[in-house]
Amino acid sequence: MTTMIPTPVHDRLYIGGQWVQATGDETIDVVNPYTEEVIARIPAGTAADVDRAVAAARAAFGGWAATPVGLARLIQVGLPTMSFATMRGLLDELVFEEEVGNSLVVREPIGVVAAIAPWNYPLHQIAAKVAPALAAGCTVVVKPSEVTPLCAFALAEIFDEVGFPPGVMNLVTGYGQTVGAAMTGHAGVDFVTFTGSEGVGRLTGSVTGGNLVPAALELGGKSACVVLDDADMQLAITACVTRCMLNSGQTCIALTRLLVPRHRLPEAEAIAAAVAEAHTLGDPFDHATLVGPLVSAQQRDRVRDWIRRGSQEGARLVTGGADAPAGLDRGYFVAPTVFSDVSSDMTIAQEEIFGPVLSIIAYDDEEDAIRIANDSRFGLSGAVWSGDEGHALRVARRIRTGQVDVNGGAFNPCAPFGGVGCSGHGRELGAHGLEEFFYLKSIQL
Ligand code: NAD
């Protein structure tokens, strides 16, 4: 016999240290992408809720800004995530004041921060913004993605339990066009930190630019993995396909373009197909699953459209495709897909697909490989593989992106993270990410 579990309803927002009723009564359904069932409901906030949250953050700012270092210990104790854990040490290392000639240069917290997050790594994206903002002495209004808002409620509950001063961290859930837009255009906000798509990033940047409010924009990517002729192909391509399929391809730094020497294309295709086909689809809670569903039906349909577009433009399907994967009658799944004979001017080589889709592009020589790697309006990440680390490093230096991994170098959560070009500007994580939440003041003596 199955028991009906009632759908949890979060009917309040966290503003000024209180769980308060949203001003409107509209709600948003949160859907489990594997079962396709509604698992929770959250408030669709309004511009009036944003007004209340910004006012609370503004009221809390003076007191919080005066005491960030002591209270940062609370963050370390109460919030066991990497971003929060590293901030305490970074604060100790930060030079708050320095003398430059006859000037005392001081770092001041930038003020009230609007933090807008996407859905693909929901808690990490929020922590990467909230932890440094609070550590710097700023106060925050957070808006999680309406698609994955539940962890933000858990975080706000922790802040509440830990006893943070009211107004230091505020949560307003809702749609981007209402809550997000009200936050980015709000006169009471001093800094906007946004992670999301290129399109919404452009909009956000135009609003903050028009208001002369600084913003950090962490946007999309179309990262290249350059496999040099002297690389271990098996190792390099296995790592590339794995990084492409991670989180079902919904990763901003996914390596979605695999660049291989033309004369080794058949070998590269065979390895990539085998690795992609070994990526088992299924229940994300099953340890055997390597590829879960995409986040929503809309995202699944979008990715399938990109796959059809790839075939129409002449790319050759090596494995996967736009059809529903066999044996899965529910969940928003897309089969791990590999295209070959992709040229750099094709749409699938230029657009961020945000699904488990890899494009293999053949290059003629090393200069050609570097040219193709840089032939993108994005500049978020990349990878280079070679049998000689020095060789890989020389090529890595010529790739114009915010980060590049050499021979599978691991993600470093303390290194600056961000992009160039249409991948946005500003940096998150580590000491450089913390710096974004200060402004510099020179006091002449
Ligand atoms: P999205 O741009 O659709 O939404 C991101 C956030 O912006 C959401 O909270 C959304 O509600 C809000 N938003 C939507 N319209 C808005 C508006 N008009 N004004 C203000 N806010 C608005 O992105 P998504 O689909 O949630 O996330 C996927 C995208 O995020 C991908 O492009 C991915 O590459 C990118 N991303 C980038 C990074 C990075 O660090 N560079 C990390 C993760 C994801």
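**Residue S376 and beyond**

Guide: Leaving aside its neighbours within four places in sequence, S376 is in contact (heavy atoms within 4.5 Å) with K222, R257 and Q350. This is a predicted model, in which local features need pLDDT of at least 70, side-chain atom pairs count only at pLDDT 80 or more, and totals for chains, interfaces and linings use all residues. Residues are numbered from 1 along each chain as its sequence is written, and side-chain values use heavy atoms, with hydrogens and water left out.

Visitor: Is S376 buried or exposed?

Guide: S376 is buried, with a relative accessible area of 15%; buried means under 20%, exposed over 50% and partly exposed in between, using a 1.4 Å probe and protein chains only.

Visitor: What does the side chain of S376 reach?

Guide: The backbone nitrogen of F378, at 3.0 Å, is reached by the side chain of S376.

Visitor: Turning to the ligand, how many residues surround it?

Guide: The ligand is surrounded by 27 residues (a heavy atom within 4 Å). The closest are A117, E146, S197, L219 and E352.

Visitor: Where does S197 come in?

Guide: An N or O atom in the side chain of S197 is 2.6 Å from an oxygen atom of the ligand. For A117, a polar backbone atom lies 2.7 Å from a ligand oxygen.

Visitor: How much of the ligand does the protein bury?

Guide: Taken alone, the ligand exposes 850 Å², and the protein buries 90% of that, by the Shrake-Rupley method with a 1.4 Å probe.

How values were computed
A polar contact is a pair of N or O atoms within 3.5 Å; within protein, one must be able to donate a hydrogen and the other to accept it, and residues adjacent in sequence count only if both atoms are side-chain atoms.
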